[in-house]
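Please open the model in a viewer and keep the selection tool at hand.

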Amino acid sequence: MGVIVVAGGSGPVGRTIVDGLVAYAKHKVYVLSRNNRPAEHGVEYLQVDYANIEGMSQSFRQAGVDTVICAIGVVTPETNQAQLNLIQAAEQSESTRRFVISGYDMQHLKEHIEISPLARYTFEAIESLEKTGLEYTRVVNGWFLDYYGMPYWKSHLHPWINVMNMEKKWAVIPGDGSAKATFITTQDMSKFVARLMDLGQWSKVSFIASETLSFNQLLDMAEKTRGSKFQVAYDSLEKLSSGKISFFSEFPPIDLDGAEAFFAMIHYQAGLERYLIENVESLTEKFPEIQMTSAAEVMESS
């Protein structure tokens, strides 16, 4: 039995990973918390200050933590620093030997650093980990399907827009819509993450290859599910790369400077098929017993 701690385990992705670990029931599960919290639902809490590296390391050591899963949404310099501090704390803890980098989306590449702060934060974590003795991986799973079933699909995720708004029946399609992406529910992702803990050796990137659809296929499926045509804008990659995106006023508010450019950047990379997972060794092959939910099932729930 492993001893796993999830940082960001009270957030949307983190809570789902915690649910998956608890349901799998093979490992002891801790969640980091800024507050003192009693154990509940198979989870114990470690009160920490992310700025206090020695304090976190001591908490890991006392709990016998062998694996740290970072599920903090690393989208700002502050959250990036929190992950870097976690890495240092894990390195200083004698019991800790493994670290999962925050991500759970596309495979960020070094050439993305110029256009994406998320890629820069990922490689800052990798650079830090390479200086340690920790084994590490990052989970690459494409885009989450949950958003296409909200509010009826059970999910810890906050409302978000990836290409389509199922409720208001509009879509902003990158390029001509022929680009493909890989889609998975957070619940299915968490099942793979739980079983990842069992592997004796990790790859530097842990891919989850699930359902692949073009954005035109996704739109067609959505329109058939809702029974009517959507209002659709096809945004060129040139427009998206300039930081502009259609329907921006309809996107959910986010606490980031340059919000429109952020949404445009994500869709620009989608148009380049950065969210497509194919022709790689994946966790899907290692754990074929996991039955994955389809996009159609999620949409039909809405």
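Predicted model: local features only at pLDDT ≥ 70, side-chain atom pairs only at ≥ 80, totals over all residues.

Residues are numbered from 1 along each chain as its sequence is written, and side-chain values use heavy atoms, with hydrogens and water left out.

Select residues 3-238, where UniProt, in an unreviewed entry, places the feature "domain: NmrA-like". UniProt positions are given in the numbering used here, with feature names shortened, and annotations may be inferred rather than shown by experiment. Over this range the chain is 33% helix and 25% strand; helices (H or I, at least four residues) and strands (E, at least two) are DSSP runs numbered from the N terminus.

Next, display the open sheet of seven strands, whose order is 3-2-1-4-5-6-11 with parallel pairing. Two strands pair if DSSP finds at least two bridges between them. Strand 3 (44-47) and strand 11 (205-207) stand at the edges; each has a single partner strand, so one side of each is left without a neighbour in the sheet. From one strand to the next, the twist averages 25°. Axes here are lines fitted to C-alpha atoms, for helices over the stretch in contact, and angles run from 0 to 180 degrees between N-to-C directions. Strand 2 (residues 28-33) runs parallel to strand 3 and is joined to it by four bridges; valine 31 stands opposite tyrosine 45 in strand 3.

**The nonpolar cores.** A nonpolar core is a set of buried Ala, Val, Leu, Ile, Met, Phe, Trp, Tyr and Cys residues joined through side-chain atoms within 4.5 Å. Buried means under 20% relative accessible area, exposed over 50%, and partly exposed in between (1.4 Å probe, protein chains only). The largest core has 33 residues; Ile17, Leu21, Ile69, Tyr104, Phe144, Met189 and Met197 touch the most other members. Apart from it lies another core of 32 residues, among them Val48 and Val65.

**A buried aspartate.** Which helix holds aspartate 188? Aspartate 188 lies in helix 5 (residues 186-196) and is buried, with a relative accessible area of 1%. Leaving out residues up to four places away in sequence, aspartate 188 touches Gln291, Met292 and Thr293, contact meaning heavy atoms within 4.5 Å.

**Salt bridges.** A salt bridge is a side-chain nitrogen of Lys or Arg within 4 Å of a carboxyl oxygen of Asp or Glu; the count comes to 15. Arginine 195 is buried at 18%, whereas glutamate 289 is partly exposed at 48%. Then select glutamate 130 and lysine 204, whose closest N and O atoms are 3.3 Å apart.

**The three-stranded sheet.** Finally, select the open sheet with the order 8-9-13 and mixed pairing. Strand 8 runs antiparallel to strand 9 (residues 170-174), and two bridges join them. The bridge partner of asparagine 165 is tryptophan 170 in strand 9.
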